[in-house]
Amino acid sequence: YFCTESCGFNVKQLVFERAALKHNIAMIQERAGDAAIFAVLAGDGYGAGLIELAQILREEGISRFAVDEPEDVRRLRAAGFQEEPILMLRSTTDRGELESLLEQRAICTIGSYETGTALNGVAEALGVQAEAHVLIDTGMGFGGFLPGERQKLMSIYQYLSNVTISGTYTHLCSATDDTTRQMEVFQTVLDALHAAHLDPG
């Protein structure tokens, strides 16, 4: 996509080239192999429109989405995305937000011991099993468990009876040497979980 500015009116447009988008999606799918792909639709689909972009992606075979606000989960569900997994990227301890996310069958993010116990408590009160992914901070600074917080991290996989951990992830900054370092840090966390006979999902 690209932005254009019309002469004299200072109006900006976001223009998507559908063919280029389809090409990029196909390339990602080819490189991902059997890995699950989550399309991040933060910021109203980065300005493209949450529902509109999700529909395009679904038509091209992408059926998992990630958002950063509980309201976006509700909007996707209301627009007919009933069976698609939707990951909430922002970790929260707010009871109202957690109740909404669980009612909408969202996958929650656990980025701290406190968010894990809050999610477990709300799920227990609602009589449901929550699904969650665990966020590891490998240097991006977007939140999540620090690699040195091993005991707190492992307790999330061991002791939350009303939470099923189905994934573990990190945010990468860019395709640079720093990304390589981040991936090495992330791998050490996964190795520690495996060594403790815990499944990172």
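Biologist: What is the volume of the largest cavity?

Modeller: The largest cavity has a volume of about 40 Å³, a volume being the space filled by probe spheres set on grid points that are joined across faces, edges and corners. The model is predicted: local features need pLDDT of at least 70, side-chain atom pairs count only at pLDDT 80 or more, and totals for chains, interfaces and linings use all residues. Residues are numbered from 1 along each chain as its sequence is written, and side-chain values use heavy atoms, with hydrogens and water left out.

Biologist: What makes a space a cavity and not a pocket?

Modeller: On a 1 Å grid over the protein atoms alone, a 1.4 Å probe fits in a cavity but cannot get out, whereas a pocket is an open set with protein on both sides within 12 Å along at least five of seven lines. The structure holds one cavity of 30 Å³ or more. About 1200 Å³ of space lies in the largest pocket.

Biologist: Which residues line the largest cavity?

Modeller: Among them are M88, R90, L98, C108, T115 and L119; a lining residue has an atom within 4 Å of a point. Helix 5 (95-103), strand 6 (107-110) and helix 6 (113-126) each give the lining at least two residues. These elements are DSSP runs numbered from the N terminus, with helices (H or I) of at least four residues and strands (E) of at least two.

Biologist: How many residues line the largest pocket, and which lie nearest its centre?

Modeller: The lining has 35 residues, and I28, I37, F38, A39 and V40 lie nearest the centre. By class, 25 are nonpolar, nine polar and one charged. Nonpolar means Ala, Val, Leu, Ile, Met, Phe, Trp, Tyr, Cys or Pro; charged means Asp, Glu, Lys or Arg; the others, Gly among them, are polar.

Biologist: Why is N162 called buried?

Modeller: Buried means under 20% relative accessible area, exposed over 50%, and partly exposed in between (1.4 Å probe, protein chains only). N162 has 14% relative accessibility, so it counts as buried. N162 sits in the loop between helix 7 (150-159) and strand 8 (163-170). Beyond its neighbours within four places in sequence, N162 is in contact (heavy atoms within 4.5 Å) with residues including N120, E124 and A130.

Biologist: Why is G43 called partly exposed?

Modeller: G43 has a relative accessible area of 49%, and therefore counts as partly exposed. G43 belongs to helix 2. G43 and V67 are 24 residues apart in sequence and 8.0 Å apart in space, C-alpha to C-alpha.

Biologist: What makes a set of residues a nonpolar core?

Modeller: The set must consist of buried Ala, Val, Leu, Ile, Met, Phe, Trp, Tyr and Cys residues joined through side-chain atoms within 4.5 Å. The largest such core has 46 residues, and L76, I110 and L119 have the most contacts inside it. Helix 3 (residues 50-59) supplies the largest share, six residues. Another core, of six residues, lies apart from it and includes A66 and Y169.

Biologist: Which residues of helix 3 are buried?

Modeller: L50, I51, L53, A54, I56 and L57 are buried there. The buried residues of helix 3 pack against elements including helix 1 (18-32) and helix 4 (70-78).

Biologist: What phi does R105 have?

Modeller: R105 has a positive phi of about 60° although it is not a glycine. Most residues other than glycine have a negative phi. R105 lies in the loop between helix 5 and strand 6, and its relative accessibility of 44% makes it partly exposed.
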